[in-house]
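Here is a short briefing on helix packing and the nonpolar core. Please have the model open as you read.

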Amino acid sequence: MFEHRTQPLLSLRHFIHRLFWGLGVVALLVSFSLFLGTLGYRWTENMGWVDAFYNASLILSGMGPADTLNTDTGKIFASVYSLYSGIVLIATTGILLAPLFHRIIHKFHSDTL
């Protein structure tokens with residue numbers, strides 16, 4: 001996906017395209033994760049759609065649960081979903097920052113400074 005250090009630096013147009021591609025991947029991953037969390041809260045805690053979405057959003061953003069969980073199944077789901085959300089946070093950060101870091105490092109190794 002990234003150019004080798006012996007290849008020239010990407011044009012600004014292609015670099016911005018790469019950034020937007022990463023943003024699209026992140027948007028899909030976050031949307032899927034939010035959908036998964038909403039369904040999980042809906043099924044395990046029998047929450048309404050809005051409350052389930054609210055809880056999933058807060059867990060996914062790292063804020064923590066909004067409501068007290070009443071069932072053991074809901075607590076187990078929330079625990080697993082929290083761990084999953086942490087991994088998603090790390091992955092999305094990497095996807096968004098990788099093109100920027102690569103460009104900076106590629107610029108340092110470029111012979112055409």
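Contact here means heavy atoms within 4.5 Å. This is a predicted model: local features need pLDDT of at least 70, side-chain atom pairs count only at pLDDT 80 or more, and totals for chains, interfaces and linings use all residues. Residues are numbered from 1 along each chain as its sequence is written, and side-chain values use heavy atoms, without hydrogens and water.

**Contacts of Ile-59**
- Leaving out residues up to four places away in sequence, Ile-59 touches Tyr-41, Gly-64, Pro-65, Tyr-81, Ser-82 and Ser-85.

**Helix pair α1 and α3**
- Helices are DSSP runs (H or I, at least four residues), numbered from the N terminus.
- The axes of α1 (residues 12-45) and α3 (residues 72-109) come within 10 Å and cross at roughly 180 degrees.
- Axes are lines fitted to C-alpha atoms over the stretch in contact, and angles run from 0 to 180 degrees between N-to-C directions.
- The two helices, α1 and α3, are therefore roughly antiparallel (over 145 degrees).

**Helix α2**
- Buried residues (under 20% relative accessible area, 1.4 Å probe, protein chains only) in α2 are Ala-52, Asn-55, Ala-56, Leu-58, Ile-59 and Leu-60.
- Their cover includes α1 and α3.
- Gly-62 follows α2, with a positive phi near 90 degrees.

**Nonpolar core**
- A nonpolar core joins buried Ala, Val, Leu, Ile, Met, Phe, Trp, Tyr and Cys residues through side-chain atoms within 4.5 Å.
- The largest one has 12 residues, among them Leu-34, Ile-59 and Phe-77.
- At least two of its residues come from each of α1, α2 (49-61) and α3.

Methods:
Angles under 35 degrees count as roughly parallel, over 145 as roughly antiparallel, 65 to 115 as roughly perpendicular and the rest as oblique. Buried means under 20% relative accessible area, exposed over 50%, partly exposed in between (1.4 Å probe, protein chains only).
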